Amino acid sequence: MTQAISLLDPTKHADLKFKKPTFAHVANEHLMPVSLHEVMYAATDVPVVFVKANAESNDFQAVMMLGLKPQQNLRVKDDEWTGTYIPNVLRDYPLAVVLDPEQTDRVWFGIREESELLSKEEGVALFENGEETAALKERREQVLRHFEQDQQSRAVLKFLAEKELLIQQTLTVEVKGEKRNINGIYLIDERKLAGLSDEDFLDLRKKGLLGPIYSHLTSLNQIPRLVLAENAL
């Protein structure tokens with residue numbers, strides 16, 4: 001999903017149509033970003049962990065683990081999604097929010113013109129007679145809602161980092177008889193969580209964080225499912 005993003009334009013993009021979604025473009029993605037609003041759904045299928053969004057900062061991102069090594073996606077087969085939950089970032093593609101650093105109170109909508117999910121011959125039209133179709137309006141509202149959830153998640157993850165609840169961890173798995181270490185991920189430190197003061201724990205509850213935290217911890221039990229999936233290859 002690294003194609004350039006252009007501002008959505010009813011003249012320039014008048015002939016574009018949304019094709020039926022396929023997932024070839026993420027077949028080599030072993031991590032997929034999710035908002036904290038998605039954790040409880042993603043956790044029913046795969047592990048959800050945290051990674052640093054920027055190696056030099058203390059900003060974190062929640063991600064679905066789709067594989068046990070780089071360029072491995074065990075939830076895409078024959079260009080189809082085989083998992084039980086499709087993350088928002090894939091539901092929104094090829095649309096995206098475009099930010100202007102000089103106008104932080106406004107957002108624009110963009111589109112990845114080179115996406116294989118767009119066509120001029122087949123699919124659902126984005127525009128008709130210069131006006132947005134109902135399908136595009138619905139997609140735009142979805143993208144904006146997901147963007148707002150992502151922004152909220154960034155602020156909350158910063159709070160978790162400030163409370164030192166995120167701890168770097170190396171996961172060790174055994175795949176086809178060989179040990180493999182998975183580095184660069186962060187987990188909620190259960191001991192620090194249990195040791196929080198009543199005030200801080202109540203703060204987590206008020207921020208709606210207990211659900212995502214416990215879903216994340218429970219999701220780690222999905223790691224053996226990924227091992228089984230790779231062993232079956």
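**Figure 1. Overview of the fold and its burial.** Of the 233 residues in the protein, 44% are buried. This is a predicted model, and its secondary structure comprises seven helices and 15 strands. Among contacts between residues at least 6 apart in sequence, 69% join residues at least 24 apart.

**Figure 2. The surface and its charges.** About 13,200 Å² of the protein is accessible surface, and carbon and sulfur atoms account for 47% of that area. Look here for 28 positive and 37 negative side chains; the centres of these two sets lie 4 Å apart.

**Figure 3. Tyr41 and Tyr85, a stacked pair.** Three aromatic pairs turn up in a search of the whole structure. In this one, the ring centres of Tyr41 and Tyr85 are 5.9 Å apart and the planes meet at 20 degrees, so the pair is stacked. Tyr41 sits in helix α1 (residues 39-42) and Tyr85 in the loop between β7 (80-81) and α2 (88-92), so the pair ties together parts 44 residues apart in sequence. Tyr41 is partly exposed at 46% relative accessibility, whereas Tyr85 is buried at 10%.

**Figure 4. Phe60 and Tyr186, an edge-to-face pair.** Here the ring centres of Phe60 and Tyr186 lie 4.9 Å apart with planes at 75 degrees, so the pair counts as edge-to-face. Phe60 belongs to strand β5 (residues 60-65) and Tyr186 to strand β15 (residues 178-188), so parts 126 residues apart in sequence are tied together. Phe60 is buried, with a relative accessible area of 5%, and Tyr186 is buried at 11% relative accessibility.

Notes. Residues are numbered from 1 along each chain as its sequence is written. This is a predicted model: local features need pLDDT of at least 70, side-chain atom pairs count only at pLDDT 80 or more; totals for chains, interfaces and linings use all residues. Side-chain values use heavy atoms; hydrogens and water are left out. Helices (H or I, at least four residues) and strands (E, at least two) are DSSP runs, numbered from the N terminus. Buried means under 20% relative accessible area, exposed over 50%, partly exposed in between (1.4 Å probe, protein chains only). Contact means heavy atoms within 4.5 Å. Accessible areas come from the Shrake-Rupley method with a 1.4 Å probe; for residues, only the protein chains shown count as cover. Lys and Arg count as positive and Asp and Glu as negative; His and the chain ends are not counted. The place of a charge is taken as NZ of Lys, CZ of Arg, CG of Asp or CD of Glu. Rings of Phe, Tyr and Trp (its six-membered ring) pair if their centres lie within 6.5 Å; planes under 30 degrees apart count as stacked, over 60 as edge-to-face and the rest as tilted.
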